[in-house]
Amino acid sequence: MNREEKKLVIDSLAEKLNQYAHFYVTDIANLNAQQTADLRRKCFENEISLVMVKNTLFIKALEKADKADAELVKTLSGSSSIMFAHTNKAPALVIKDFRKNGEKPILKAAYVEECVYVGDQHLDALTKIKSREELIGDIVALLQSPIKNVVSALQSNGGQKIAGIVKALEERN
């Protein structure tokens, strides 16, 4: 591979790093052709882009995209494939589901919600992580709950009592 080809690969990877909010570094070495095709199919069905990369080129792409974390770079040895996704836990779910039939793919590292997770032991936690939108939805639901209770109290018969109490308090002043 000459310099121009390497530059094109680095630019393409850097573009994917900027396009996708989350990526997982995995080891899928020693999977046979059928297993690799099955993994690619599962990734496609879950809108995950699976790419085999050379570690040195991926490190340069990480540097170009300003996502080069020291812990993440340390994991880039041996065979590496990258799963790019818009949904934070989709690759973790695919890995966990695919592992029902074997021990691969192995999670080397993950870049999720601007945090780096290093090691396969984080796979279970990554399957349960909520996206930023889900967390905001939970907070909004928590904030709406007391408001709904007040509104329903005001609309029911108790609303007349509350209105009477408010009126009595106003008359005191």
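This report covers strand pairing, salt bridges and surface charge in one predicted model.

## Ground rules

The model is predicted, so local features need pLDDT of at least 70 and side-chain atom pairs count only at pLDDT 80 or more, while totals for chains, interfaces and linings use all residues. Residues are numbered from 1 along each chain as its sequence is written, and side-chain values use heavy atoms, with hydrogens and water left out.

Start with strand 4, residues 106-112. Strands (E, at least two residues) and helices (H or I, at least four) are DSSP runs, numbered from the N terminus. Six of the seven residues of strand 4 are buried, so the rest of the structure largely encloses this strand. Buried means under 20% relative accessible area, exposed means over 50%, and partly exposed lies in between (1.4 Å probe, protein chains only).

Strand 4 pairs with strand 1, residues 22-27. Two strands pair if DSSP finds at least two bridges between them. Here there are five bridges, and the two strands run antiparallel. Valine 25 sits opposite alanine 109 of strand 4. Strand 4 also pairs with strand 5, residues 115-118. That pairing is antiparallel too, with four bridges. Alanine 110 faces tyrosine 117 of strand 5.

## The hairpin turn

Strand 4 and strand 5 form a hairpin with two residues between the strands. Glutamate 113 takes a positive phi near 50° in this hairpin. Glutamate 114 lies in the loop between strand 4 and strand 5.

Is glutamate 114 buried or exposed? Glutamate 114 is exposed, at 60% relative accessible area. Glutamate 114 and histidine 22 are 92 residues apart in sequence. Their C-alpha atoms are 7.9 Å apart in space.

## Salt bridges

Side chains of opposite charge can pair when their charged atoms come close. A salt bridge is counted when a side-chain nitrogen of Lys or Arg is within 4 Å of a carboxyl oxygen of Asp or Glu. How many salt bridges does the structure hold? It holds 10.

One of them joins aspartate 11 to lysine 64, with the closest N and O atoms 2.2 Å apart. Aspartate 11 lies in helix 1 and lysine 64 in helix 3 (residues 55-64), so the pair ties together parts 53 residues apart in sequence. Aspartate 11 is partly exposed at 25% relative accessible area. Lysine 64 is partly exposed at 47%. Lys7, Asp11 and Lys64 are linked in a network of salt bridges.

## Two further pairs

Lysine 104 and aspartate 27 meet in a salt bridge, at 3.3 Å from N to O. Lysine 104 is in the loop between helix 5 (90-98) and strand 4, aspartate 27 is in strand 1, and the two are 77 residues apart. Both lysine 104 and aspartate 27 are buried.

Aspartate 138 forms a salt bridge with lysine 130, and their closest N and O atoms are 2.6 Å apart. Aspartate 138 is partly exposed at 33% relative accessible area. Lysine 130 is partly exposed at 40%.

## A positive patch

Which residues form a positive surface patch? They are Arg3, Lys6, Lys54 and Lys60. Patches are made of residues with over 30% relative accessible area and no salt bridge: like charges are joined within 9 Å, and nonpolar side chains (Val, Leu, Ile, Met, Phe, Trp, Tyr) within 5 Å. Lysine 6 belongs to helix 1, residues 3-19. Lysine 6 is partly exposed, at 37% relative accessible area.

Note on methods:
Areas by Shrake-Rupley, 256 points an atom, 1.4 Å probe, with all protein chains shown as cover. Lys, Arg positive; Asp, Glu negative; His and termini not counted. Charge placed at Lys NZ, Arg CZ, Asp CG, Glu CD.
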